[in-house]
Amino acid sequence: MPAPTLDDLRRHAIARSLFKPTTLPRALQRLGFVQADPLRAPARAQDLTLRHRVLDYRAGDLDKRYTKLPYEEDFFVNYGYVHRDTQALMHPREARQEWTPERWAQAADVLAFVRERGVVHPREVDAHFAHGKVTNWFGGSSNASTELLDGMHYRGLLRVARREGGTRLYAVREAAAAPVDRDVAFDTLIDLVVNKYAPLPATTLAQLTRFLGGGVPQWRAHRAEALGRARERLASATVDGVQWFWPADEKPASKRHQVPEAVWLLAPFDPVVWDRPRFEHFWGWAYRFEAYTPAAKRLRGHYALPLLWREQVIGWANLKVSDGRLVPDLGFVDKRPRSAAFNQALDEELQRMHSFLGLD
């Protein structure tokens, strides 16, 4: 097999990630984990990611089926949904911020309260304990009980049982033993990351290994060793001066990686576009997520969805729903394609989005 070109790597990235739509469990298994985000513009990132990969997926389906799936909300390289087997590799988790004895005493009281109730809403905890207010990381004010529940969830004392109106409801997560072999567990986690984002530049492989410090902070001192083992077992090549990595059993230069003549509107955190350096290598322009950028400084909009046409990201779309209708606001890096094929593919994608949002 010849060494891949940048075109090969781009086709490989698209073809392996935007696989033929399947069932929700199979799509979750192939992705390994799904990043979550609470913003709805016009739907949450996890739903926008799954709609391309799950047959007849509708916004909110993941939450509706969550209690029957072997997946948990937890922190991995970012916050999202991971299989319970993956979660088990990351716990017991030692948080970077140590709690005082008083904080642990509060946590023990809340844990007993949750165990007695079974499933609790944060407002129940707040009403029962009246922990007061704290300053959150945005600089605003939050209930101290909410912060405590977040900390207990992160440390593996609680799990998310389900959501109501977007709010996490908690249940007790029973303690489990640590993985028998730390190195094997760490390698498994890195391979899961690579499987989702491959092919990826060496800088991104190193970045994601650092990000695993959020999932397994107790192994921070071993990240360099784990990264070294990953570089040895993965396939790699230097293309246009950049070293790339992908699973050893895959062949990016294979002619089998064909991209259909279609339009995809991708979530800002979709695995095809998540890696911003790779995005610029593949498509020659910088995409930024601007939801938290002041409106006057935005270049492409509050929640611009990258617009993939065939194998090129040629623009973006901001979508809103007005009077039950989907209203797209499109932008293009250069000029909008004038071909009938593009117009038809765009219409089909907007109709899929229409159905996904339940606007039929």
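Colleague: Is His-153 buried or exposed, and how is that read here?

Modeller: The general idea is a set of cut-offs: buried means under 20% relative accessible area, exposed over 50%, and partly exposed in between, with a 1.4 Å probe and protein chains only. His-153 has a relative accessible area of 5%, so His-153 is buried. This is a predicted model, in which local features need pLDDT of at least 70 and side-chain atom pairs count only at pLDDT 80 or more, while totals for chains, interfaces and linings use all residues. Residues are numbered from 1 along each chain as its sequence is written, and side-chain values use heavy atoms, with hydrogens and water left out.

Colleague: Where is the place of His-153 in the secondary structure?

Modeller: Helices (H or I, at least four residues) and strands (E, at least two) are DSSP runs, numbered from the N terminus. On that basis His-153 is placed in helix α8, residues 144-154. The buried residues of α8 are Ala-144, Ser-145, Leu-148, Leu-149, Gly-151, Met-152 and His-153, and just after α8 comes Gly-156, with a positive phi of about 85 degrees.

Colleague: Which residues does His-153 touch, not counting residues up to four places away in sequence?

Modeller: Contact means heavy atoms within 4.5 Å. With residues up to four places away in sequence not counted, His-153 touches Glu-73, Asp-74 and Tyr-79, as well as Leu-158, Arg-159, Val-160, Arg-168 and Tyr-170.

Colleague: How should I read the salt bridge that involves Glu-147?

Modeller: Side chains of opposite charge can pair when their charged atoms come close. The rule for a salt bridge is a side-chain nitrogen of Lys or Arg within 4 Å of a carboxyl oxygen of Asp or Glu, and the count by this rule comes to 26 salt bridges. In one of them, the side chains of Glu-147 and Arg-103 meet at 3.4 Å, N to O. Glu-147 lies in helix α8 and Arg-103 in helix α6 (residues 101-117), so this pair ties together parts that are 44 residues apart in sequence. Glu-147 counts as partly exposed at 40% relative accessibility, whereas Arg-103 is buried, with a relative accessible area of 15%.

Colleague: What does the side chain of Arg-115 meet in a salt bridge?

Modeller: The partner of Arg-115 is Glu-174, at 3.0 Å, N to O. This pair links distant parts of the chain, 59 residues apart, with Glu-174 in the loop between β7 (167-172) and α9 (182-197) and Arg-115 in helix α6. At 48% relative accessibility, Arg-115 counts as partly exposed.

Colleague: Is Leu-208 buried or exposed, and what is Leu-208 in contact with?

Modeller: Leu-208 lies in helix α10, residues 202-215, and is buried, with a relative accessible area of 2%. Leaving aside its neighbours within four places in sequence, Leu-208 is in contact with Val-77, Val-193, Tyr-197, Leu-200 and Trp-274.

Colleague: Where is Thr-22 found?

Modeller: Thr-22 is found in the loop between α1 (6-17) and α2 (24-31), and with a relative accessible area of 18% Thr-22 is buried. Not counting residues up to four places away in sequence, Thr-22 touches Ala-27, Arg-53, Val-54 and Leu-55.

Colleague: How many helices and strands does the protein have, and how compact is the protein for its length?

Modeller: The secondary structure comes to 13 helices and 14 strands. The radius of gyration, taken over C-alpha atoms, is compared with a globule rule of 2.2 Å times the number of residues to the power 0.38. For this protein the radius is 22 Å, close to the 21 Å that the rule gives for 360 residues, so the protein is as compact as a globular protein of that length. Buried residues make up 51% of the 360 residues, and residues 24 or more positions apart account for 64% of the contacts with a separation of 6 or more.
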